[in-house]
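Work through the exercises below with the model open. Try each task before reading its solution.

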Amino acid sequence: MKPLFNVLLFVSIALGIIACNTSAVNQNDQESQDKANAAKQKLMEIEAKTDRDIKNLQDLSKSKTTLLVLHSIKSACQIYRLSYKKNPESIHDLLHTPDGRSLLDDKKDLKDEWNRPILFEKKDKQIKVFSVGEDGKANTEDDVVSVFQL
C-alpha cells in the first residue's frame, strides 16, 4: 500500500506543480498582455500628438506664407504711393493702376493659403490687409494681419 501511497503522493504533488506553473504562465501571459496593451495605448497617444504637431506646423506654414502675400501687397501699396502720389483705395487700384499696369500677380496675391480672398481696408493713411485664416471668420485668433501707414 505504501508504494501506491507514494505514487498517489507523487501524482498529487506533480499535479500541484503543474497547476502552479499553469497559473504562473497564465499570470505571465496576463502581465505580457497588460504590457502590450499599455505599449499600444502609449503608441496611440504618441501618434495622436504627432498628428496634432503636424497639423500645427502645416497651419503655421500656411500663416507664414499668407503673411508673405500680405507683405507683397504692402510693397505694392508703397510702389503705388511713390508712383502716383496718392494711396490706393482698394486692391483693385493695385491691379489696375492709372497707367494700366498691375502691381500684383492677381492669381497669387489675392488669395490666402486657405484659398480665401485677401481683404483690404483703408482708413485715412492706414491700410490693413488681412486673411480671415483657417476658420474663415474675421477678428479671431487665427487671422493673419498686416497694418501699415503710407
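Helices (H or I, at least four residues) and strands (E, at least two) are DSSP runs, numbered from the N terminus. This is a predicted model: local features need pLDDT of at least 70, side-chain atom pairs count only at pLDDT 80 or more, and totals for chains, interfaces and linings use all residues. Residues are numbered from 1 along each chain as its sequence is written, and side-chain values use heavy atoms, with hydrogens and water left out.

**Exercise 1. Salt bridges within a helix**

Find how Lys49 and Asp53 meet, and where the two residues lie.

Step 1. Apply the rule: a salt bridge is a side-chain nitrogen of Lys or Arg within 4 Å of a carboxyl oxygen of Asp or Glu. The whole structure holds 5 salt bridges.

Step 2. Lys49 and Asp53 form one of them, at 2.9 Å from N to O.

Step 3. Both residues belong to helix H1 and stand 4 residues apart, about one turn of the helix.

Step 4. Check accessibility. Buried means under 20% relative accessible area, exposed over 50%, and partly exposed in between (1.4 Å probe, protein chains only). Lys49 is partly exposed at 45%. Asp53 is partly exposed too, at 34%.

**Exercise 2. A network**

Which residues are linked with Lys55 and Asp59 in a network of salt bridges?

Step 1. Start with the pair. The side chains of Lys55 and Asp59 meet at 3.1 Å, N to O.

Step 2. Lys55 and Asp59 are about one helical turn from each other because they are 4 residues apart in helix H1.

Step 3. Compare the surfaces. Asp59 is buried at 19%, whereas Lys55 is partly exposed at 39%.

Step 4. Glu134 joins Lys55 and Asp59 in the network.

**Exercise 3. A bridge across the sequence**

Which parts of the chain does the pair Glu89 and Lys122 tie together?

Step 1. Confirm the salt bridge: the N to O distance is 3.5 Å.

Step 2. Glu89 is in the loop between H1 and helix H2 (91-95), and Lys122 is in strand E1 (residues 119-123), so the pair ties together parts 33 residues apart in sequence.

Step 3. Glu89 is exposed at 52%. Lys122 is partly exposed at 27%.

**Exercise 4. Rings and a threonine**

Describe the aromatic pair, then the surroundings of Thr97.

Step 1. Rings of Phe, Tyr and Trp (its six-membered ring) pair if their centres lie within 6.5 Å; planes under 30 degrees apart count as stacked, over 60 as edge-to-face and the rest as tilted. The count is 1 aromatic pair.

Step 2. Tyr80 and Tyr84 make this tilted pair, with 4.9 Å centre to centre and 55 degrees between the planes. They are 4 residues apart in helix H1 (residues 2-84). Tyr80 is buried at 3%, and Tyr84 is buried at 16%.

Step 3. Locate Thr97. It lies in the loop between H2 and E1 and is buried at 5%.

Step 4. List its neighbours. Contact means heavy atoms within 4.5 Å. Not counting residues up to four places away in sequence, Thr97 touches Tyr80, Tyr84 and Leu103.

Step 5. Find the polar contact (a pair of N or O atoms within 3.5 Å; within protein, one must be able to donate a hydrogen and the other to accept it, and residues adjacent in sequence count only if both atoms are side-chain atoms). The side chains of Thr97 and Tyr84 are joined by one of 3.3 Å. The Thr97 side chain also reaches the backbone nitrogen of Arg101, at 2.8 Å.
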